[in-house]
There are 6 protein chains.
Amino acid sequence: MEKYQPLDPLVYPRFCGVRTFMRLPFAQNLKGIDFLVAGVPFDTGSTFRVGARFAPSAIRNASITSGIDYGDLIVVPGYIEESYKKIKEQVIPILEKGIIPVLLGGDHSITLAHLRAVFEKYGPVALIHFDAHTDTWDNYFGQNYTHGTQFRRVVEEGLILVDNSIQAGMRGSIYSKEDYLNVKDLGYEILTANKIRKLGIEETAKIIKDRVNNKKVFFSFDIDFLDPAYAPGTSYPECGGFSSFEALELVRHLQELDFIGFDLVEVLPPYDSGEITSILASTIVFEFISLIACKFKERKRKKLN
Amino acid sequence: MEKYQPLDPLVYPRFCGVRTFMRLPFAQNLKGIDFLVAGVPFDTGSTFRVGARFAPSAIRNASITSGIDYGDLIVVPGYIEESYKKIKEQVIPILEKGIIPVLLGGDHSITLAHLRAVFEKYGPVALIHFDAHTDTWDNYFGQNYTHGTQFRRVVEEGLILVDNSIQAGMRGSIYSKEDYLNVKDLGYEILTANKIRKLGIEETAKIIKDRVNNKKVFFSFDIDFLDPAYAPGTSYPECGGFSSFEALELVRHLQELDFIGFDLVEVLPPYDSGEITSILASTIVFEFISLIACKFKERKRKKLN
Amino acid sequence: MEKYQPLDPLVYPRFCGVRTFMRLPFAQNLKGIDFLVAGVPFDTGSTFRVGARFAPSAIRNASITSGIDYGDLIVVPGYIEESYKKIKEQVIPILEKGIIPVLLGGDHSITLAHLRAVFEKYGPVALIHFDAHTDTWDNYFGQNYTHGTQFRRVVEEGLILVDNSIQAGMRGSIYSKEDYLNVKDLGYEILTANKIRKLGIEETAKIIKDRVNNKKVFFSFDIDFLDPAYAPGTSYPECGGFSSFEALELVRHLQELDFIGFDLVEVLPPYDSGEITSILASTIVFEFISLIACKFKERKRKKLN
Amino acid sequence: MEKYQPLDPLVYPRFCGVRTFMRLPFAQNLKGIDFLVAGVPFDTGSTFRVGARFAPSAIRNASITSGIDYGDLIVVPGYIEESYKKIKEQVIPILEKGIIPVLLGGDHSITLAHLRAVFEKYGPVALIHFDAHTDTWDNYFGQNYTHGTQFRRVVEEGLILVDNSIQAGMRGSIYSKEDYLNVKDLGYEILTANKIRKLGIEETAKIIKDRVNNKKVFFSFDIDFLDPAYAPGTSYPECGGFSSFEALELVRHLQELDFIGFDLVEVLPPYDSGEITSILASTIVFEFISLIACKFKERKRKKLN
Amino acid sequence: MEKYQPLDPLVYPRFCGVRTFMRLPFAQNLKGIDFLVAGVPFDTGSTFRVGARFAPSAIRNASITSGIDYGDLIVVPGYIEESYKKIKEQVIPILEKGIIPVLLGGDHSITLAHLRAVFEKYGPVALIHFDAHTDTWDNYFGQNYTHGTQFRRVVEEGLILVDNSIQAGMRGSIYSKEDYLNVKDLGYEILTANKIRKLGIEETAKIIKDRVNNKKVFFSFDIDFLDPAYAPGTSYPECGGFSSFEALELVRHLQELDFIGFDLVEVLPPYDSGEITSILASTIVFEFISLIACKFKERKRKKLN
Amino acid sequence: MEKYQPLDPLVYPRFCGVRTFMRLPFAQNLKGIDFLVAGVPFDTGSTFRVGARFAPSAIRNASITSGIDYGDLIVVPGYIEESYKKIKEQVIPILEKGIIPVLLGGDHSITLAHLRAVFEKYGPVALIHFDAHTDTWDNYFGQNYTHGTQFRRVVEEGLILVDNSIQAGMRGSIYSKEDYLNVKDLGYEILTANKIRKLGIEETAKIIKDRVNNKKVFFSFDIDFLDPAYAPGTSYPECGGFSSFEALELVRHLQELDFIGFDLVEVLPPYDSGEITSILASTIVFEFISLIACKFKERKRKKLN
């Protein structure tokens, strides 16, 4: 899989070059590739801190290894529905070619647009959602589309197989018991942060994989799954979160699933310090790409047999 | 005018107390006052850096002297037109009582909503606009409402007396000569940064006052009128701007005008350093209040005679 | 308990409004309430880094949920004994009404003043003290009152029931074995960081509760109980501390105690990054308020039976 | 004057070595020297932002050229009067040897202690005071000793020749006309920022020198004389101040005076950015040392003739 | 000159896209273009602060307008002479095609390599050098190649027409009168910061143009020409420098010269705040490109006549 | 061991005094001491982020307890081989007197120079190497000497007893299985981060001690052994690392070994936040000194028996 190799940092210093993700070739044609990384610099859906529009650039700056970088999708700052429309229109042709998109948000509201595109290609899919919050409110300030409502919308719009979908990492003071019941009413399984700590990483991974049950699956990762000490640059930091080791370990345990799309959202460079959030985000995306590589390797192995 | 006195910092330490602007009493009734300060934490109209939603709080933190602080106007983050509607509805009752609002933005797009409210009370008014940019584009990304288009909209909607309106401080690489002609076609007088430097502060003030010509006047101040060295916390920093001394001096020279509204916009706390932008913003607002005090003093003096 | 509900962030954006703690109503009368939150912006007692005078404001900015916010107590910067006197005088009327004060320091020396007020109302009480340091030196630079001596003073002045008091979280290179013996000589039980790690959270909580033994209890929490990675904004950061999950978990396990006062001290905003220390402090205070809510609920339940 | 030469940065890299001021030899004996630099890391007198206790270290880090560095004077954090006593006791032996002390504050309240020591050696002296504020309040929070009252105290205690003393640089919103009259009542001449701008640098320098009139003179420099853009790291930043060029130019114009002491105060490293305040402070101190060198040169020249 | 137009920010948001300079097309072929921008992320020559290796990326991030961006030249971090060799080899083919390179440093030592390449194409050229320092030391720490020695080397190696070369902006405490004589001995004309202030911008520009006298000219701009308030992110900040207005104004006055190369050096992102240094650097480079555009326009105009 | 006592912070405030490590006496003679701390402000070997030249000063600023501080070793910024030569020449006389040097880097490439000096005195020694990376590449950009190649060089030059040497903490995305095999081919034992987590601290310490097997041992500690949340100020941050508690605990478990040298490298102050990296580095060095104290105590005890 030569295409996915990083530029050799032993030859070309890591700080050299126009910043693409992992210094992958920057390209906007879609021939002969298996995945691509693209930014979605959109934060109009954010109800608290903003600045996620600078995340794709910051994550690229922090990234260090390989694929193609597709640049950023065009959005319309200040206009949510127009942006959703544009995102969907840009993602569909990528999916049509069988390419797996890895989108760098942007606020979490973009996942709705992304899943609308996925639905056009694959119909409803399973969802793995890592986050400190469920993002299943009915509305915010009377509006349907924000970064706190999209995981209710995706159920209502029939975009996901909710019986194969699961949310993990929820915690924090703003939830009552009713909130979690609420999520279950929508049909999701939910693993709170407390529960994950009791289960341990391996058992948690097993539950997730059982839930997905070999369905095509979309993985949405909100950086606030991690504790603010590890990821200070985010919009709604929530104390009591996971360490980088725990998060990476959990992602690595999800290897055999049939992933068809990813996003990494809610990185806010203006609140980062020492670039640690961007570095961590870029490491998580690297693990996503490893999951893709594993999938294609497995597929190839099966073909050979 | 006892009401406008600050809390005595010789008795009550400056860092004590819930942060209201200049530690004015926080109040939400509108009886017996001449002006109020209110925040408009809105930045959905921003086409580049965001974070102005945190400006009212930061400017309050940095402010040091007196009035009532009305808190923040309610907005709908992510929804421009709904926000305009809400801002207008909240400002109208203030104006109806003859109170002069001093709004702390927020991105510059809020001035359109503010002027729509002003129009309901006073009809069209003169406009003084300090900024590095003219904000008179026809649209951004195909949309009418952003922080780069509002000063075309206010002309189109007939909200201002354009023959008595003037823009000052424009500079920067993104303008061609056509842009400035454009502004003149709309009917504005324009004083570029270069021209102001040639004229000097006193002559500049004279031109502005002549242009306004005793009409009721609205003063809109974009913090990027100042050089980024003095105001790093802003959305579109533009090099070659004014020093704090020059800006304050110019504001102080506008004393005899009949002001009926003010705003101070485009402060972005996440990009500030050592709070210098917020401190400067709060000093400018203090000068606004001095302009109001002068107006009422003058009026009282005239009544007595 | 309608009074303790937060403003609804689904209606009123979280960044809107004058900053009170959890956007509780700002009020300075003491009728009909069970607890209040008040700042004590005092750092004259600090022997190393200073800046805790800005902590109440920063913690308010970071807080997100409900009660009344009583504003800040008046202090006399630069004058320790005068400040103690003023703090005590302001806290006594609060306690007289049966209200539980939650004070936001300020440096840790304020606890002495707070406990002097508590003594006036309740006589000696039990003390739970979370900290990286014991703060039981005899004097600093020949002076009795600093943020390193107050927990010797409270014993000497008979303000606490030392046999029901316990210190937890101590670590760091500046202690010799003699120091800890010293603390025991004063009568405290001490749980060092190492010991807590061996015991685990549940066992630690059990030991604390057994020690308190149903006495009325005061909870003093120094933010440096946490590791500097989680709380960089503090005056004497000490490596090897607890994670936010561990700290919150431990606080939550202290539910059935008869709390009559709280403080959260040593937050230094000038050394914070991405506001993570303030956010964490505000989350801990939220847990304090939950402990109060539990206490009143329990009391009500008992009355009903 | 070999003793005052800096370490040669062409041989020994500028970032090498234990940080003394300008990498002067660190020494605590007082033989055979003409001046010394010493820190006074005291900020208990500060009524707003704190952190000046870290200024001597930060200014040393930023300094780049030569003398002896005497280390820091011992102070008692949290105790103003004890600190004044200690400062005075430590400065007297320096003055007794005819050495000119250059003190790095610390908050501005230390000047009172410094001038008390100067009085013991020389009796009353002239004062040049550069600052945004007059620091001549009667008291703060009912207390006599703070960084806002010391220039009233030095008059009351007869420490200065007020008829030969002058304040320069005052500006900002917290002064009424009465304040400045007040200062004149105390006997000072005052040059506000506005007046200095009208006079220009050369004329301003002439007025200062005329006022001092060959008396022995003490020079007290508050870093907030400069605009916050140039010196963000300070306790009471005041917009509309001077540029670094203007400040340095003015200091250089004061060459022929008979200086017997200096201080540079109110630098707050926690609020600095990119060390620009510390670098500027160290450059000003370098100019102080040039003024001393000029004085001794002049004296030598006179002896030879 | 369609090729040099920026992407239209009214269509494509300014924060979108892989970061090239002014979002020019990224390209590495050299056909049909008049100039290119390329980074030289090298800081091994720095004798004080380091980090200039991140400047090309930061300046790109801050740039906002148009050309081709050639990416970064390859360098060998830690190895000065090897890096010089590589830089020269990469610049020569650019010059051979008649393209004007605009290099984004990197520390100032890279100018030596750049001028060696220029010499191969054009022979000796005139030099305009804006800087706070002369960079004409004989050696640093016994080494010939550092960012403090290159402007002696270029004379010694015969790379420039020293009689048509000029240095401007020098100031600071580390120079004795001998230093400046020294520079004159090398043959340079020198305009110190003080002298420029006396001459004014227009007269200064005239002297520079007279000196260059229609020779082919190379323009080397060290960002520390500006005061640290305007450009905090640099390696040797020197107080008392120019404002952004003064610097931009001076550059704009150099329009009719026959430029054949440019560099902008000594930007250090890790010391920047609010990106103000990078934004200013990108604005200066934009002015460079305007100078190139003027040159080609003039040339075209002459051809037509 | 009176000499190793810290200045008493109960008498002399922690922020007072010229910054030496733990405020140990600054001295440059080598009589009558057992160890010394010295800085090596060198970062020319760094292939990614730079700024380690400021680490000795920052670690001193953050250190809090006692020995002699030898100042900084002289280096030649920009020249690797010359610097190695100078470091070696300066370390040899220290070792000759039986003194244990504790060097504060600097980038990790300095360990090669340090071990060359050690070899002169002791011949080959065992090596304990804590790091996220193995630093055993053959070359970087075709060069032998960088901070990524030194642990191959020390084997090739025969400076260490590779059979008694061990690397610990390796992790991160840039390694393939081949890399680790590679390290084993060189002869090292390697404990990856994953393996350490499985083994636990005590078992890990046991393996390290068994490997060293009473040989004289050199301890090289790269701060990136810790997770970026704990040590953001470093050159190649690698997610998924250890907490401060885990790292300190592991160091403390290495007590009975015969240490003859230490270094602590790759601290980068420009990327630190709230000084947490420097504080942690200074705490680790304090633990090094405790290991030395234990060694001498043990030796004394044996002599007595």
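This is a predicted model: local features need pLDDT of at least 70, side-chain atom pairs count only at pLDDT 80 or more; totals for chains, interfaces and linings use all residues.
Now select the helix itself, residues 244-252 of chain A. Of its 9 residues, 7 are buried, so the rest of the structure largely encloses α8. Colour the buried ones: A:S244, A:F245, A:A247, A:L248, A:E249, A:L250 and A:V251.

Next, the cysteines. How many disulfides are there over all chains? The count is 0. Select C:C239, which is in no disulfide; its nearest cysteine sulfur belongs to F:C294, 19 Å away. C:C239 counts as buried because its relative accessibility is 10%, under the 20% cut-off.

Move to C:C294. Why is its sulfur too far for a bond? The closest cysteine sulfur, in A:C239, is 19 Å away, whereas a disulfide needs the two sulfur atoms within 2.5 Å. Is C:C294 buried or partly exposed? It is partly exposed, with a relative accessible area of 27%.

Finally, show chains A and B together. Select the contact residues: 23 of chain A meet 23 of chain B. About 1800 Å² is buried between the two chains, and carbon and sulfur atoms give 61% of that area. On the side of chain A that touches chain B, look for 11 nonpolar, 7 polar and 5 charged residues. Searching this A–B interface for salt bridges gives 0. Polar contacts across it link 2 residue pairs, both at pLDDT 80 or more.

Note on methods
Residues are numbered from 1 along each chain as its sequence is written. Chains are lettered from A and ligands numbered from 1 in the order in which they are written. Side-chain values use heavy atoms; hydrogens and water are left out. Buried means under 20% relative accessible area, exposed over 50%, partly exposed in between (1.4 Å probe, protein chains only). Helices (H or I, at least four residues) and strands (E, at least two) are DSSP runs, numbered from the N terminus. Contact means heavy atoms within 4.5 Å. Buried area is the accessible area (1.4 Å probe) that two parts lose on being put together, summed over both. A salt bridge is a side-chain nitrogen of Lys or Arg within 4 Å of a carboxyl oxygen of Asp or Glu. A polar contact is a pair of N or O atoms within 3.5 Å; within protein, one must be able to donate a hydrogen and the other to accept it, and residues adjacent in sequence count only if both atoms are side-chain atoms. Ala, Val, Leu, Ile, Met, Phe, Trp, Tyr, Cys and Pro count as nonpolar, Asp, Glu, Lys and Arg as charged, and the others, Gly among them, as polar.
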